[in-house]
Every structure is written in structure tokens, then in C-alpha cells.
Amino acid sequence: MSQLLTTLNTIADPHWHTLADAVPGVTPEMPKDVDQPVQKILNWTAGLGLAGAVLGGLLGWAAVAVGHNSERAALAARGKQAILWSLFGAGGIGVTAALVTTFYNMAK
């Protein structure tokens with residue numbers, strides 16, 4: 001491990017400058033004409049994805065109820081899987097939407 005750190009320290013010399021250091025006083029900024037449409041697209045995508053996850057969860061609960069009441073174990077098992085996957089999907093959509101929005105807002 002120490003050899004790896006020594007190699008990285010040798011490569012990343014403190015006198016080494018990146019291209020960004022050569023352009024002083026420039027801050028990245030999102031154009032105002034692009035800001036509103038992109039924000040709408042991000043909000044609609046996250047909203048529709050979360051609505052789909054909720055719908056999948058509700059259909060999963062319905063499949064569990066029908067499967068247990070009609071003694072169809074396979075349908076109940078699939079309903080339980082649908083509930084879990086809709087929870088994972090909703091969590092993934094929520095985290096991804098938050099990360100994309102956060103990184104997008106950092107560029108402003």
C-alpha cells in the first residue's frame with residue numbers, strides 16, 4: 001500500500017498544474033434558457049418514476065391478497081417480490097433524482 005501511495009505522490013507532483021489552473025476567474029454557469037426546461041425534465045422524470053413505483057407496490061399488495069385468498073402461492077410470492085422491488089426502485093429513483101439535482105445545482 002505504501003508503494004502505491006509513494007507512486008501516486010510522485011505522479012501528482014505539487015508543482016503539477018491542471019488545465020483548469022491555466023484559466024483564472026472562470027466559473028461554470030448554466031445558461032438561464034437551459035435551466036428551467038432541464039429542471040422540469042428532472043422533476044417530471046423523478047415524479048413519474050416514483051408514481052410507477054407506488055403503482056407497482058399497490059399491484060404487488062393486490063397480488064398478495066388475491067394469491068392468499070385464492071390459495072395461489074405462486075401469485076402471492078410474486079406479489080411479495082413486486083412489493084420489495086417497488087421499494088428498491090422507489091429508493092433508487094429518489095436517491096438518483098436527489099444526486100442528479102444536487103450535481104445539477106452545483107453547476108449553477
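The following dialogue explains how several terms apply to this predicted model.

Biologist: What makes up the secondary structure of the chain?

Modeller: The chain has three helices and zero strands, in the order α-α-α from the N terminus. Helices (H or I, at least four residues) and strands (E, at least two) are DSSP runs, numbered from the N terminus.

Biologist: Why is H2 called roughly antiparallel to H3?

Modeller: Helix H2 (residues 32–69) and helix H3 (residues 73–106) pack at an angle of about 165°, with their axes 7 Å apart. Angles under 35 degrees count as roughly parallel, over 145 as roughly antiparallel, 65 to 115 as roughly perpendicular and the rest as oblique. H2 is therefore roughly antiparallel to H3. The axes are lines fitted to C-alpha atoms, for helices over the stretch in contact, and angles run from 0 to 180 degrees between N-to-C directions.

Biologist: Which residues make up the contact of H2 with H3?

Modeller: They divide into 20 nonpolar, 12 polar and two charged. Here Ala, Val, Leu, Ile, Met, Phe, Trp, Tyr, Cys and Pro count as nonpolar, Asp, Glu, Lys and Arg as charged, and the others, Gly among them, as polar.

Biologist: What makes the pair of Trp85 and Phe88 edge-to-face?

Modeller: A search of the whole structure finds one aromatic pair. Trp85 and Phe88 form this pair, at 5.8 Å centre to centre and with 70° between the planes. Rings of Phe, Tyr and Trp (its six-membered ring) pair if their centres lie within 6.5 Å; planes under 30 degrees apart count as stacked, over 60 as edge-to-face and the rest as tilted.

Biologist: How do you know whether Trp85 is buried or exposed?

Modeller: Buried means under 20% relative accessible area, exposed over 50%, and partly exposed in between (1.4 Å probe, protein chains only). Trp85 has 62% relative accessibility and therefore counts as exposed. Phe88, at 55%, also counts as exposed.

Biologist: Why is Ser86 called buried?

Modeller: Ser86, in helix H3, has 10% relative accessibility and so counts as buried. Ser86 touches Ala53, Gly56 and Gly57, not counting residues up to four places away in sequence; contact means heavy atoms within 4.5 Å. Of the 108 residues of the chain, 13% count as buried.

Biologist: What class does the relative accessible area of His68 give?

Modeller: His68, in helix H2, has a value of 49% and is therefore partly exposed. His68 touches Ala76 and Lys80, not counting residues up to four places away in sequence.

Biologist: Where is Glu71, and what is its phi?

Modeller: Glu71 is in the loop between H2 and H3. Although Glu71 is not a glycine, its phi is positive, about 55°. Its relative accessible area is 76%, so Glu71 is exposed.

How values were computed: Residues numbered from 1 in each chain as written. Predicted model: local features only at pLDDT ≥ 70, side-chain atom pairs only at ≥ 80, totals over all residues. Heavy atoms only, no water.
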